[in-house]
Amino acid sequence: MATKKLQNLTKWVLFVHRYTGFVLSLLFLFWFLSGFVMLYKSFPSLSISERLERTVSIPTSKAFVAPSEINQLYPGQKWESIKVLTHLGRPVYQLQSDDGTFRSVFADTGEKVPSISADEAGQIVDEFMKGEYAIRKVEKMTELDQWTPRTSFMPYLPSYKVYVDDGKGTVCYVSSTTGTLFQKVNRSDKIWAWLGAIPHWVYFKELRIRTQLWRDVVVGISILGVIMCVAGLYMGIVRVKRKKKNQWAFSPFKKVWFKWHHYTGFIFGLITFTWILSGLLSMNPWKWSPSRSLSANANLVWQGGEVSGLESFVVSPSEALDVLSSDESWQQIRVMDFILFAGKPYYRADFSDGSTRLFQADGQSMQWITELPAQSYLNQVQLLHPKADGLQMTTLSEYDAYYYDRHKTRPLPVLKVDINDQSNTTYYINPKTATVSLKYEQNSRLNRWLYNGLHSLDFPALVFRRPLWDIVMIVLMLGGTSVSNTGLVLTWRWLKRKMSKA
């Protein structure tokens with residue numbers, strides 16, 4: 001009886017593996033082949049470092065209107081963020097409301113910034129490119145395209161696509177509402193994206209701009225992939241048949257493609273399963289893993305209020321910049337953010353080299369500082385967890401297992417605060433920007449290992465040992481590619497047989 005049940009189970013598992021393989025074998029092959037590209041090339045984006053390096057510095061030739069006057073233009077409006085930027089040689093306050101909408105006001109006059117023209121978009125790109133190349137043409141863009149497929153780009157519409165005559169096919173995207181250059185791609189970026197990120201992330205524009213549908217599709221495909229892998233692992237194990245003449249041979253199949261699918265699946269099937277499972281977990285299905293960022297309520301506690309009031313920003317940005325005029329370092333300031341921390345207003349300046357400084361904008365201290373005292377951060381964490389038994393703060397000058405970056409771009413040092421609560425919460429705080437870089441709880445720690453660990457092999461003993469990490473990844477991905485390729489061949493032959501009998 002037990003043998004009969006096992007035979008029936010094997011029959012059904014084979015059925016599941018065959019038909020899910022029929023649906024997914026080609027997609028799996030694309031995922032692995034695109035994965036090789038993803039090791040070194042992601043979806044094109046305008047990096048923060050390039051943006052800071054090329055953006056024009058904030059001019060200080062005129063006094064700025066008081067920040068509090070902005071509220072008179074937009075009474076009752078709540079702002080998600082407020083920045084000081086440069087727009088065609090003039091300083092502007094760029095404001096983003098809590099619904100994502102952008103508005104801009106000239107900081108030197110308080111007038112609203114009108115929508116920019118195509119010629120002005122060309123000027124913005126010319127400034128960004130340092131005048132090195134001619135502008136070939138400018139096109140109006142009213143919908144997201146393949147290179148701006150995320151809904152986070154929606155507030156920048158309508159926009160202009162500015163084509164640069166640099167021999168690389170570079171296209172810059174400039175918002176007509178804010179004048180912000182928010183995306184830059186060239187011919188090489190597009191080719192690598194079509195070979196890598198687009199098929200790997202299923203980043204096809206018509207699907208990706210429908211965020212929830214895209215998530216449902218990726219999660220659904222990944223779940224089917226997990227089922228297919230589990231069924232394949234089961235079939236690979238039950239089909240093992242040792243041969244006395246050859247101790248290394250264990251497959252009962254005589255046909256070449258069946259045999260090699262069994263061998264490659266037996267050897268690399270588990271790693272294929274972990275990659276598909278971790279890919280599924282990257283979408284955080286069913287919201288099982290908490291966010292690694294502060295929630296809206298926690299952020300209010302951290303800030304000590306909302307930035308929207310602006311009355312507390314007594315010192316204007318131009319006055320804060322004047323403090324630096326003696327050493328001319330203000331010429332390297334690209335962006336100034338309005339922030340609140342512990343109820344006090346600050347300007348955070350981003351310099352062209354990626355460094356930052358803080359300025360307390362309530363007039364109590366007319367000097368720029370590189371970072372705030374560590375105790376002030378500990379006090380705010382205590383407010384976030386008033387019932388916690390104890391807090392422990394350490395300063396990290398090197399990456400650990402949770403705060404790290406394979407490309408080593410995350411800033412150091414950081415403050416690590418461990419909390420003795422039910423979730424064993426840990427905060428990683430950038431002391432130079434007064435922001436929480438990462439927050440971990442029990443489930444988010446588990447997700448770090450199940451996703452980053454299994455999908456990218458981001459294990460401390462391996463991730464920073466290049467090219468060892470590259471070699472291990474490439475070898476395992478070659479194995480996964482072989483499993484997918486042999487499965488695709490078997491699927492094709494099975495389909496041909498079915499079609500010939502029809």
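Visitor: Which residues are linked in a network of salt bridges?
Guide: E50, R54 and K184 are linked that way. A salt bridge is a side-chain nitrogen of Lys or Arg within 4 Å of a carboxyl oxygen of Asp or Glu. Before we go on: this is a predicted model, where local features need pLDDT of at least 70, side-chain atom pairs count only at pLDDT 80 or more, and totals for chains, interfaces and linings use all residues. Residues are numbered from 1 along each chain as its sequence is written, and side-chain values use heavy atoms, with hydrogens and water left out.

Visitor: How many salt bridges does the count come to?
Guide: The count is 14 salt bridges. In one of them, R210 meets E206, with N to O at 3.3 Å.

Visitor: Which residue does D400 form a salt bridge with?
Guide: D400 pairs with K416, and their closest N and O atoms are 3.8 Å apart. This pair links distant parts of the chain, 16 residues apart. D400 is in the loop between β12 (391-396) and β13 (414-419), while K416 is in strand β13. Helices (H or I, at least four residues) and strands (E, at least two) are DSSP runs, numbered from the N terminus.

Visitor: And what does R406 meet in a salt bridge?
Guide: R406 meets D458, at 3.4 Å from N to O. These two are 52 residues apart. R406 lies in the loop between β12 and β13, and D458 in the loop between α13 (442-456) and α14 (460-463). D458 counts as buried because its relative accessibility is 3%.

Visitor: Which side chain makes a polar contact with R406?
Guide: The side chain of S456 does, at 3.4 Å from the side chain of R406. A polar contact is a pair of N or O atoms within 3.5 Å; within protein, one must be able to donate a hydrogen and the other to accept it, and residues adjacent in sequence count only if both atoms are side-chain atoms. S456 lies in helix α13. Its relative accessible area is 13%, so S456 is buried.

Visitor: What else does S456 touch?
Guide: Leaving out residues up to four places away in sequence, S456 touches Y451, W469 and M473 as well as R406. Contact means heavy atoms within 4.5 Å.

Visitor: New topic. Where is T148 found?
Guide: T148 sits in the loop between β4 (134-141) and β5 (159-165). Its relative accessibility is 0%, so T148 counts as buried. The side chains of T148 and D145 make a polar contact of 2.9 Å.

Visitor: Which residues does T148 touch, skipping those up to four places away in sequence?
Guide: They are M141, F153, Y173, F182 and Q183.

Visitor: How many residues of β7 are buried?
Guide: In strand β7 (residues 181-185), 5 of the 5 are buried, so the strand is largely enclosed by the rest of the structure. Strand β6 (residues 171-175) runs antiparallel to β7, joined by 4 bridges. Two strands pair if DSSP finds at least two bridges between them. The hairpin has 5 residues between these strands, and G179 there takes a positive phi near 75°.

Visitor: In what order do the 7 strands of the open sheet come?
Guide: The order is β3-β2-β1-β8-β9-β10-β11, with antiparallel pairing.

Visitor: Why is one side of β3 and of β11 left without a neighbour?
Guide: β3 (102-106) and β11 (368-369) stand at the edges with a single partner strand each, so one side of each has no neighbour in the sheet. For β11, strand β10 (residues 356-360) pairs with it over 2 bridges. L358 stands opposite I369 in β11.

Visitor: Last one: where does T274 lie?
Guide: T274 lies in helix α9. The side chain of T274 reaches the backbone oxygen of I271 at 2.8 Å. T274 counts as buried because its relative accessibility is 13%.

How values were computed
Buried < 20%, exposed > 50% of the residue type's maximum accessible area, 1.4 Å probe, protein only.
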